[in-house]
Every structure is written in structure tokens, then in C-alpha cells.
Amino acid sequence: MTSRQSTAGSNSPSPRRRTVVKAAAATAVLAAPLAAAWPAGAVEAPAFLHGVASGDPLPDGILLWTRVTPTAEAVPGSGLGPDIEVGWVVARDKAFTTVVAKGSVTATAASDHTVKADVRGLAPATDYWFRFSAGGTDSPAARTRTAPAADAAVANLRFGVVSCANWEAGYFSAYRHLAARGDLDAWLHLGDYVYEYGTGEYGTRDTVVRQHAPTHEILTLADYRTRHGRYKADPDLQALHTVAPVVAIWDDHEFANDAWSGGAENHTEGTEGAWTARQAAAKQAYFEWMPVRTAIAGTTYRRLRFGKLVDLSLLDLRSFRSQQVAVGNGSVDDPDRTITGRAQLDWLKAGLKSSDATWRLVGNSVMISPFAIGSLSADLLRPLAELLGLPKEGLALNPDQWDGYTDDRRELLAHLRSNAIRNTVFLTGDIHMAWANDVPVDAGTYPLSASAATEFVVTSVTSDNLDDLLKVPEGTVTALAAPVIQLANRHVHWVDTDRHGYGVLDITADRAQMDYYVLSDKTKANATSSWARSYRTRSGTQKVERTYQPV
């Protein structure tokens, strides 16, 4: 795509607004598979059917994103449709009376008609409004916010935190409730933004709430584009993207289950094509459809700063990792095996050591805290093993998490301790449960050994957790399993194995607090949200403690 930008502060008339989707066809367009949901005459193109988004805030800039449908046949993944000029505008106010930047981008079929504008020259810690236009049609308007200046003294930051949203398992009410808050500086998506499975192939309590597009497992560039398009048609996800910038990393399901550098558990080489081709297609579609900068080409590891209060290091734990160990074949302690890759681990260590921010946050797609299963009964162990991808007979580790790559973890935690690096907080998704953990240097002797960091793990937006796998009432498994898990893992302050929801991380100089919220029913579009628990880590302690009300 090509881009032209002007930063003139003069106001200019916005393009006239016209009907984009006829009311009678709107529901069909959003609900039917995108590749076959475009009846003749249903769309007055061009149209902005996939919303708008912003991401990766900088003190002087923001990355803007949208996808335009130039003609009715130009659906995601189709490769069809003409080039079209897409204008963008950034203003201080929702009415767009004070325009501060504007420009244009050419949307083409080569990028699936997605466009990005990396806008610079903005003021730090400032709310802005933006929108796109094409062919006389305006997109929805959206709010975004720049990061504080790198040397600014910042009193408070607040981030939404989410992960693991399986379309077929339910509705994205978590996004809607986060959007309704109106108080987020940004929101973090810690991976599994989309899922690769075909219809009915992944846990839904035996009920597909709403069907994937395409319905088959995604393998090709067209498939991944279509799946991203399906997700971006969700109204709750669109709502969240219009109120705050996202900071996103990928995990495995943006590619295939338990992905590693050379393959994945859910990929059959040859039958499903070459892994290198599938991985490349998945990455291309991700960067087309997500407002994410590629600080290092082809990865999601990068660092953002929010004044003197927060440095946020974001990891890519799929592109460089060694294959997960199999039972009886290989050792999790093998120093030749890695989850980060050498370059990324060195980058992370250097950044944590050199940071002068009060808090060092790490966006981390899989749990770093050690996890021993303990003496769970067989009826609980089997579904837990299924959720974690473990053999049903059980292992005292999850080889897809940092537990499967202990040399990298040992090196990182030793680095934190030997350099007296304080206030490192890992923010984690993947496991479909909520956790509040200390991160011990030696889990076997904890609490006698030191805690090097803390970790807040958020549960899934919709993806199955233990009560879903067992098909029992919510809360049943937590009551039985949590005490056993905590007995075997004394660094775990809390675990909720059953509920779906999201987190809100609130940070001051004195503490970082995670408020955990849960949904009433993921299968209901109007699900309500309620506060569940809160945990914090106070500056200098490297330990988690419970607090009894949300911020």
C-alpha cells in the first residue's frame, strides 16, 4: 500500500455520509459466513464493515487501521476488488472541528483492502479522534490516546487485559464491558485473538454458539484473512477498538495449536501444506488485520514506554521456540531448547536491566510461573491435561509454557535477581484461567526462596476452561481443584479454573493492581459483568497480595 500524509492543522469539510449497509441486509452480512454473505445489492460500496482501530501508542504517534470494502464482491480473503484511495483524519474533538493531521492510503487487494496509517507529530498523553473515508463514505469515528512523554512523571495508568477469544464458543461480551468503561489508556491482547480450527473442532460445550468463517480449518492466506474478517465483524470487538488503542501479541492459535518455530500440534506437514507457507500466511494476515507495528520484522516482540511509570516489553513466544518436549523424549531442562530464541532473550534482559521506569511490565503469552499439578483426582486431572495439552496420565509441568523451557526461565529470573531488578510484572493469557502468582526463583523451596517477579494471568474471553470441558456448573471445579493446586504451588495466591472474563490493570508508583471481572454467561449476547477479585503487588516487594475492592 502507499501512503500520503499531511499534518496541516487546518480544518476541512468531511466527506458526505451515506448509507453503507442497508438495514435489511446488515444482520445477514454480519451473521452469515463472510465469503458467502453478500447478496446482490446488499452493500452500497465502499463500506467500512470491519470497523476501525488504533494501536501501539507512542508519545508522538499512533497507528491507525481499517479495512474498506470497495465493491460487494471484495470480501475478506477473496483477492477481488479495485484499488481505492482511503483518506484518514485525526482531530482533537469528536466533531472533527480541530483537525491536527490527515492523509491518504491506497487500499488494494494485495493487502486484502486493509490499510494502516502510522501518524506522528501528535502531543503526548492526549485523546484524539480519527476516522477514515473512501468514495464519499465515512467510517465510524473512534477515540485513541497517545502515550505519555518518555520522561513524564505519570500518576496513573489503566489497561484492559484480555486473551483467548474463540468465536464459536460464545459472544465477546468482555470486549463490550471493557469498552463501556471509558477509562482505559490502552488495552492489551495477550494472544489467541483468533482461532484456527474448523467448525465444531474446538471446545464449545458441544454447542456452536455462532459459526466460523470459513467453516474449515484455516490453512491458506485467504483462509486466515477470512477468519480475521469474521472476528473484526463482531460488534463488541469493534466497540472496544473504537474507544482505546490496543497493544497486541500473538500466541499459538493465530497460527495453529501449540505452534513452534518448525511446526505445530495442529498441523500435518504435507497433508496441510508446508508449515513455512502456513506460518507465513498467518503472519501476513495478522499484520494486515491488526494495528501492530513490526519493530523486528515478522515478530510481535517490541517495547513501548508510558512515561517514567511503565516500560512494557511484548514477547513473541512462537516464532523462535524449540518444539515442545514429548513424554519420555527430551528434557525440559535441556539448555539447547528455547522458548524465546537467543536474540529475544538478550533483548528482554537488556531492556529490563536498563529501564528506569517504576514498573517493568512483560506482555507474555504463556504462563511463566511454575505449575505442578499435585495430587488431583483422575476426573479432574484428565480435563486439566486436555486443557493444557498434557498427556492424560499427567505430568508435573505444561511443556507449552515456560515450564517446558526451564533454562530460559532460570536465566531470566537469575538476571532479575543478580541485577536487583524490581517491579517486574508478567501479564499472561493462554491458560483459560485466572491466576495471581509470585514468580519464585526456586519453586521447590518457595516461600523460603526469593520471588523474582509477579504474574497476573487473565482468563479467556470465551475459550473453554475446566467447567466447560467437564460440562458441570460454573464454580464446581474451582472449589475442588484450587485448594489442591495451591497446596502444590505455594507461590499461587489464587486460581479460578472456571469463569470467563477480563482484567483491568491499574498502576501507580506505589502498586500495580489487577481487578478480575467475570461474565454471567458467555453464550448470551447480553451477558453481564461483575467484579470477582483483586490482587496487587506493592512497589519493591516482588510479591502478590489480595486487596478487597477494585480500583
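Arg-303 lies over the face of Trp-347, 4.0 Å from the ring centre (a charge sits over a ring if NZ of Lys or CZ of Arg is within 6 Å of the ring centre and within 35 degrees of the ring normal). The model is predicted: local features need pLDDT of at least 70 and side-chain atom pairs pLDDT 80 or more, while totals for chains, interfaces and linings use all residues. Residues are numbered from 1 along each chain as its sequence is written, and side-chain values use heavy atoms, leaving out hydrogens and water.

**Exercise 1.** Classify the ring pair of Tyr-301 and Trp-347.

*Solution.* Step 1: rings of Phe, Tyr and Trp (its six-membered ring) pair if their centres lie within 6.5 Å; planes under 30 degrees apart are stacked, over 60 edge-to-face, the rest tilted. Step 2: the centres of Tyr-301 and Trp-347 are 4.9 Å apart and the planes are at 55°, so the pair is tilted. Step 3: Tyr-301 is in the loop between helix 5 (275-289) and strand 13 (302-306), and Trp-347 is in helix 6, 46 residues apart.

**Exercise 2.** Is Tyr-301 buried or exposed?

*Solution.* Step 1: buried means under 20% relative accessible area, exposed over 50%, partly exposed in between (1.4 Å probe, protein chains only). Step 2: Tyr-301 has 7% relative accessibility, so Tyr-301 counts as buried.

**Exercise 3.** Describe helix 8 (residues 406-418) and what follows.

*Solution.* Step 1: helices are DSSP runs (H or I, at least four residues), as are strands (E, at least two). Step 2: helix 8 has 13 residues and reaches 18 Å from first to last C-alpha, close to the 18 Å expected at 1.5 Å a residue. Step 3: its buried residues include Leu-412 and His-415. Step 4: Ala-420, with a positive phi near 50°, follows helix 8.

Key. Expected span 1.5 Å × (residues − 1).
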